[in-house]
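Here is a friendly walk through one protein chain. Take a look at the sequence and the 3D view, then read on.

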Amino acid sequence: MRSASSCVLALVLLAGATAHADEMDVDLARLRIDNGDGTFTADNANYRRLMSQLGFALISPVLAPARTTGYRGFYIGFETSVVQIDDDTDYWRRGTEGDSQSVGENRFVTATLPSSRVHLRKGLPYGLELGANFGRLYNTDTWILGAELRIALLEGFRRGSAGWLPDLAVRGAVRTLVGAEQYHLTVPSFDIVLSKPIVLGGTVTLTPIVAGQFAWILADSDAVDLTPEVNAFEQCMPTAEQPVSGDLSPIRCAGSPRDFENDQVFDDVRAFRGRLAVGMEIRYRVFTLAATFHWDLRAPGDIDSAIPDDIPRQWDLSIAVGATY
C-alpha cells in the first residue's frame, strides 16, 4: 500500500507541474516550404513524421489483464503514460509552439510526452467489458477521449488439465485528441492480451501481462494559414470594402493576392503501427497497481511505407493505480 500511495503522489505532482504549460502544442503553420515568390507549400513529409510520433502517444496502453472484472465488476483508476519522441528533429522543433521567446521554432522540445487520464471499466455478461477514459496530454492544450470493448475468450481456468492455460482476451479501442485547432487525430487499435494470475499468501495476486498491439493513425488537417504573420486582405489592398459573411463575390485586389494561396490543407495521414507490451499487475483486495512497457516491434517505416524511413522506434511506459469492485 505504501508503494501505491507513493505512485499516486508522484502522478499528482506530475500533473500539477506540467498542466499549466502548452509549449508542445502543434503549430502546423511552421511546417512550410518557401517557394521564393511569396508563397509557401505545406511540408507534408515532416507533417507525416510529426503525426506518426504523436499518434504513437495516443495508442491506448494495455494496463489490464486478459481477465475481465466479471459481469458485476467495476474498475476505476488513474493512469499516466510517458512516451518517448525524437525531440532533436526538425519536425518537432518547427512543428510545436515553444515558449514566448521562441521565434520560428521551439527552443526546448521535451524528450517525452506525458499524459494522464481517469479510466473506467464495467464488466458485462458473456466475458464482455466496456471501458471509457478521459485525460490530458500535458504541455499542450489538448485532451484525450477514449473508449474500448474487451472480449475474454479464455478466463478463469485454475484447476484440472486446463489450469495451465493463460487467460486470453482481445480488445478494440479508439482514442482521439480534443482541442487541437488545426488538425484532427484519431487512433483506433486492436490488442491480443495474454495473462496468468499468481496468488501469493491468499491475499496478493501478481498477474504478468503480454500483449500485441496494432494501431492505425488517422490524421487530417484543416485549412492552415502558412503565413499567419501576414494579413492577406491588407496585402491585397481591395478595391472595395471587405465582403460580408456569405458574400461569394471575388475580392478585387489593387495589390498582391498572392498570400491567399498560403492557406493550405496538409495531406491526410493513414499510418499503421505495431508494438509489443509487457507488464505486471499487483492486486491486494480491491486495490490494483499496474505498469506496462510498450515498444515498436520494428521501425515504423519497415511496417508501413506511408511512414518516412527515418522515423525511429518509440517506447511508452504506463502506470495505473486503481480499485476493482
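## Reading the numbers

A residue is called buried under 20% relative accessible area, exposed over 50%, and partly exposed in between, using a 1.4 Å probe and protein chains only. Those areas come from the Shrake-Rupley method with a 1.4 Å probe, and for residues only the protein chains shown count as cover.

What you see is a predicted model, where local features need pLDDT of at least 70, side-chain atom pairs count only at pLDDT 80 or more, and totals for chains, interfaces and linings use all residues. Residues are numbered from 1 along each chain as its sequence is written, and side-chain values use heavy atoms, with hydrogens and water left out.

## How confident is the model?

pLDDT is the predictor's confidence in each residue, from 0 to 100. Here the chain averages a pLDDT of 89, and 87% of the residues score at least 70. Watch residues 1-21, though: pLDDT stays under 50 there, and the model gives that stretch 21 contacts beyond four places in sequence (a contact means heavy atoms within 4.5 Å).

## Aromatic pairs

Rings of Phe, Tyr and Trp (its six-membered ring) pair if their centres lie within 6.5 Å; planes under 30 degrees apart count as stacked, over 60 as edge-to-face, and the rest as tilted. A search of the whole structure turns up 6 aromatic pairs. One of them is Phe134 with Trp143, a stacked pair at 5.4 Å centre to centre and 0 degrees between the planes. Phe134 is partly exposed, with a relative accessible area of 46%, and Trp143 is partly exposed too, at 35%.

Trp216 and Phe272 make a tilted pair, 5.5 Å centre to centre with 55 degrees between the planes. Trp216 sits in strand E10 and Phe272 in strand E13, so this pair ties together parts that are 56 residues apart in sequence.

## Salt bridges

A salt bridge is a side-chain nitrogen of Lys or Arg within 4 Å of a carboxyl oxygen of Asp or Glu. The structure holds 14 of them. Take Arg32 and Glu229, whose closest N and O atoms are 3.3 Å apart. Arg32 lies in strand E1 (residues 32-34) and Glu229 in the loop between strand E11 (223-225) and helix H4 (232-236), so the pair ties together parts that are 197 residues apart in sequence. Arg32 is partly exposed at 26% relative accessible area, while Glu229 counts as exposed at 53%.

Are Arg117 and Glu79 buried or exposed? Both are buried. In this salt bridge the closest N and O atoms are 2.9 Å apart. It links distant parts of the chain, with Arg117 in strand E4 (residues 112-124) and Glu79 in strand E3 (residues 74-84), 38 residues apart. Arg171 and Glu148 form another salt bridge, at 3.2 Å between the closest N and O atoms. Arg171 belongs to strand E7 (residues 167-178) and Glu148 to strand E6 (residues 143-154), 23 residues apart, and both residues are buried. Elsewhere, salt bridges that share partners join Asp43, Asp90 and Arg94 into one network.

## A nonpolar patch on the surface

Patches are made of residues with over 30% relative accessible area and no salt bridge: like charges are joined within 9 Å, and nonpolar side chains (Val, Leu, Ile, Met, Phe, Trp, Tyr) within 5 Å. Leu194, Val210, Val278, Phe293, Trp295, Trp315 and Leu317 form a nonpolar one on the surface, with about 550 Å² of accessible area together. Strand E14 (287-296) and strand E15 (315-324) each supply at least two of its residues. Val210, found in strand E10 (residues 204-221), is partly exposed at 41% relative accessible area.

## Two positive phi angles

Most residues other than glycine have a negative phi. Met237 has a positive phi of about 50 degrees, although it is not a glycine, and is found in the loop between H4 and strand E12 (263-265). Arg285, also not a glycine, has a positive phi of about 55 degrees. Its place is in the loop between strand E13 (269-284) and E14, and at 58% relative accessibility Arg285 counts as exposed.

Technical notes. Helices (H or I, at least four residues) and strands (E, at least two) are DSSP runs, numbered from the N terminus.
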